[in-house]
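This report describes one protein model for a reader who is new to structural work. Please look at the sequence and the structure before reading on.

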Amino acid sequence: MNKIIRKIAFKLFHIIGSLFNTILFLFEDKNKVLVVNGWMELYGNAILHQNLGDELNYYLLKELTNRKIVNYKNLYIKCINYC
């Protein structure tokens with residue numbers, strides 16, 4: 001029973017985070033955003049810590065491009081051509 005509740009809570013956390021990311025993305029200046037399709041979990045400007053290499057990619061891309069990084073898989077609505 002505890003496993004099921006944990007699974008449901010994680011799924012809800014993921015859906016709410018994706019909705020939050022999508023709302024933020026829709027109001028961003030699209031010229032200042034870089035959308036990547038990677039393995040990092042981004043919620044707003046926070047990284048869900050999972051893998052050091054993926055986290056380094058986030059910081060490297062952000063510093064090299066001077067853009068806000070948005071992960072495609074963390075958007076609730078999959079926008080084509082930046083909505």
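The sections below treat the overall layout, the helices, the core and the surface.

## Basis of the model

The model is predicted, so local features need pLDDT of at least 70 and side-chain atom pairs count only at pLDDT 80 or more, whereas totals for chains, interfaces and linings use all residues. Residues are numbered from 1 along each chain as its sequence is written, and side-chain values use heavy atoms, with hydrogens and water left out.

## Overall layout

The protein has two helices and four strands. Helices (H or I, at least four residues) and strands (E, at least two) are DSSP runs, numbered from the N terminus. Read from the N terminus, the order of elements is α-β-β-β-α-β.

Of the 83 residues in the protein, 29% are buried. Buried means under 20% relative accessible area, exposed means over 50%, and partly exposed lies in between (1.4 Å probe, protein chains only). A contact means heavy atoms within 4.5 Å. Among contacts between residues at least 6 apart in sequence, 72% join residues at least 24 apart.

## The two helices

The expected span of a helix is 1.5 Å times one less than its number of residues. Helix α1 has 25 residues and should therefore span 36 Å, which agrees with the 36 Å between its end C-alpha atoms. The buried residues of α1 are G17, S18, N21, T22 and F25. G17, which is placed in helix α1 (residues 2–26), counts as buried because its relative accessibility is 9%. Although G17 and L42 are 25 residues apart along the chain, their C-alpha atoms are separated by 8.4 Å.

Helix α2 (residues 52–65) has 14 residues and should span 20 Å; its end C-alpha atoms are 20 Å apart, which agrees. N66 follows α2 and is found in the loop between α2 and β4 (68–71). The phi of N66 is near 55°, a positive value in a residue other than glycine. N66 counts as exposed because its relative accessibility is 67%.

## The nonpolar core

Which residues make up the largest nonpolar core? It consists of seven residues: L34, V36, M40, L42, I47, Y58 and I69. A nonpolar core is a set of buried Ala, Val, Leu, Ile, Met, Phe, Trp, Tyr and Cys residues joined through side-chain atoms within 4.5 Å. In soluble globular proteins, nonpolar side chains tend to be buried together.

I47 lies in strand β3 (residues 46–48) and counts as buried because its relative accessibility is 13%. Not counting residues up to four places away in sequence, I47 touches E41, L42, E55, Y58 and Y59. The C-alpha atoms of I47 and Y58 are separated by 8.6 Å, with the two residues 11 apart along the chain. V36, leaving aside its neighbours within four places in sequence, is in contact with L61, I69, V70, N71 and Y72.

## The surface

The protein exposes about 6300 Å², and carbon and sulfur atoms supply 64% of this area. Accessible areas come from the Shrake-Rupley method with a 1.4 Å probe; for residues, only the protein chains shown count as cover.

I4, I8, L12 and I16 form a nonpolar surface patch, with about 400 Å² of accessible area together. Such patches are made of residues with over 30% relative accessible area and no salt bridge; nonpolar side chains (Val, Leu, Ile, Met, Phe, Trp, Tyr) are joined within 5 Å, and like charges within 9 Å. A salt bridge is a side-chain nitrogen of Lys or Arg within 4 Å of a carboxyl oxygen of Asp or Glu. L12 lies in helix α1 and counts as partly exposed because its relative accessibility is 48%.
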